Amino acid sequence: MSLSPAPTFSPGLEGVIACETQLSFVDGRQGILLLRGYPLESFARAARFEEAAYLFWYGRRPDPTQAAEFAQRWADHRVVDADLLNQIAAAARRGMPAMDALRMGAAAVHLDAAQSQDMILGAQRITAALPTILAAYLRARDGLAPVEPRRDLGHAANFLWMLSGEEPDPAKARALETYWNTVIDHGLNASTFTARVIISTGSDLVSAVTGAIGALKGPLHGGAPGPALDMVFEIGSAENAEPFLRAKLAAGERIMGFGHRVYKVRDPRAEVLGQAARELADAGSDQALYDLAITVEETALRLLAEFKPDRKLYTNVEFYTALLLHAVGFKPDAFAPLFALGRAVGWCAHGMEQAAEGRLIRPKAHFTGTRRDWET
C-alpha cells in the first residue's frame with residue numbers, strides 16, 4: 001500500500017506564513033523595522049519602556065495619564081516571593097548559568113485566577129518579576145543579597161537600582177530603555193513562535209514566556225553579542241584592527257557582529273544602538289572603547305566587501321548590543337537574559353494575539369521512514 005504524498009515541504013518552515021500580526025514588520029532587503037507601525041528609529045529612542053509595553057499590549061500609545069497609571073500598576077508587581085529569590089541565589093552560588101536561572105525563575109512566577117484571565121494583568125506580573133529575578137541572580141553571583149525594588153523608579157532605572165542599591169545614572173537608564181525598545185519584537189523568530197505555539201494550546205503566559213526563554217537560550221537564535229565584544233577587546237588598538245581581521249577572513253573564520261539571516265543591508269537595530277552607544281560615550285562612559293569599536297566596524301565592513309564581494313554582510317544588532325550593555329555596566333553572561341527582559345513584552349503581546357486567534361498551531365511532518373510489517 002502506498003503512502004499519501006507529502007504536502008510541500010519547507011525545511012525549518014522557511015518562507016511559511018504561520019500567523020498574522022500587527023506587532024512588527026521586518027523588511028530585510030530595505031532595512032525596515034516597524035514596531036506597532038512605528039519606525040524603529042523614532043520609536044526606540046523616544047519612548048519610555050513603559051510606553052512601549054502599553055503600546056504593544058493595548059495597540060495604541062498611552063496619553064500621559066494612562067502612561068502614569070500603567071507604570072504604577074506595572075511597578076506593583078515587582079516584588080517576588082522570598083522563597084523564589086532564595087532558590088535563585090542558591091542557583092547562582094552553584095554556578096548555574098544566567099539563562100538557566102532566568103528560565104527557572106520565570107517558570108516559578110505564579111499567576112492567580114484574575115491574572116490568568118486578564119492577559120494584560122498576567123503580562124504585567126511576569127514582565128515585572130523577571131528583572132527582579134535577574135537582578136537577584138546577578139547580585140547573588142557576586143555574593144550580595146538582593147535589593148528591594150522601588151515603585152518610584154521607571155522599569156529600567158529600577159532594574160539598575162536593584163543591581164547596585166545606588167541611585168541609577170539617568171544616561172545609563174535611558175540607554176537600557178533604548179536597548180529594550182529596540183529588541184522588544186522582531187517578527188516570528190524562534191522564541192516568539194515558541195510562545196505562540198504554547199498559547200495556541202490554551203496554556204498561560206508563564207508557560208509561554210518560560211518556553212520562549214528556552215528557545216532564546218539556543219545560540220542559533222540568541223546570537224553572540226559577548227563574542228563580538230571579546231573580539232574588540234582582543235584587537236585592542238586601531239592599528240591592530242586590519243591585520244587581526246584580515247587574518248581571520250583569510251583563515252575562513254567568521255567575524256562576530258556582522259551578517260544577518262534576514263537583513264541584507266545594515267541592521268536598523270545596529271543603527272539605533274550605535275547612536276545610543278555614542279551618546280553614552282559622550283555622557284562619560286568609555287570613549288576609547290567606543291572609538292575602537294567604530295574603527296573595528298569600518299575595517300570589518302571594508303574587508304568583508306573585499307573577501308566576500310558576493311555576500312551582503314553588514315553590521316548586525318549583536319555588535320552594538322555588546323558595546324552598549326558593556327558601557328551600562330553588564331558582563332557578557334548577562335547579555336542574553338537582558339535581551340529576554342526586553343523581548344518578554346513582545347512575547348506576551350504575541351501571546352495575546354494568538355489567544356485572540358483561538359486556533360491551535362499544528363503543522364504537518366513529512367515522514368521519511370519506510371513502511372514495515374511487524375510480523376515479518
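**Figure 1. Buried residues of helix α5 in the predicted model.** Helix α5 covers residues 98-108. Its buried residues are A98, M99, D100, A101, L102, G105 and A106. An α-helix has 3.6 residues a turn, so residues three or four places apart point the same way.

**Figure 2. The largest nonpolar core and the contribution of helix α7.** This core, the largest nonpolar one, comprises 116 residues. W57, F159 and F330 have the most contacts inside it. Helix α7, which spans residues 119-141, gives the most to the core, with 13 residues.

**Figure 3. Contacts of F330.** F330 is among the residues with the most contacts inside the largest nonpolar core. With residues up to four places away in sequence left out, F330 touches F159, L160, L163, L176, L325, F335 and L338. One of these partners, F159, is likewise listed among the residues with the most contacts in the core.

**Figure 4. The hairpin of strands β1 and β2.** Strand β1 (residues 24-27) and strand β2 (residues 32-35) run antiparallel and are joined by 4 bridges. S24 stands opposite L35 in β2. Between the two strands of the hairpin lie 4 residues, and G31 in the turn has a positive phi of about 70°.

Figure 5. Most residues other than glycine have a negative phi. R36, a residue other than glycine, has a positive phi, near 50°.

Note on methods:
Residues numbered from 1 in each chain as written. Predicted model: local features only at pLDDT ≥ 70, side-chain atom pairs only at ≥ 80, totals over all residues. Heavy atoms only, no water. Core = buried A, V, L, I, M, F, W, Y, C linked by side-chain atoms within 4.5 Å. Buried < 20%, exposed > 50% of the residue type's maximum accessible area, 1.4 Å probe, protein only. Contact = heavy atoms within 4.5 Å. Pairing = 2+ DSSP bridges.
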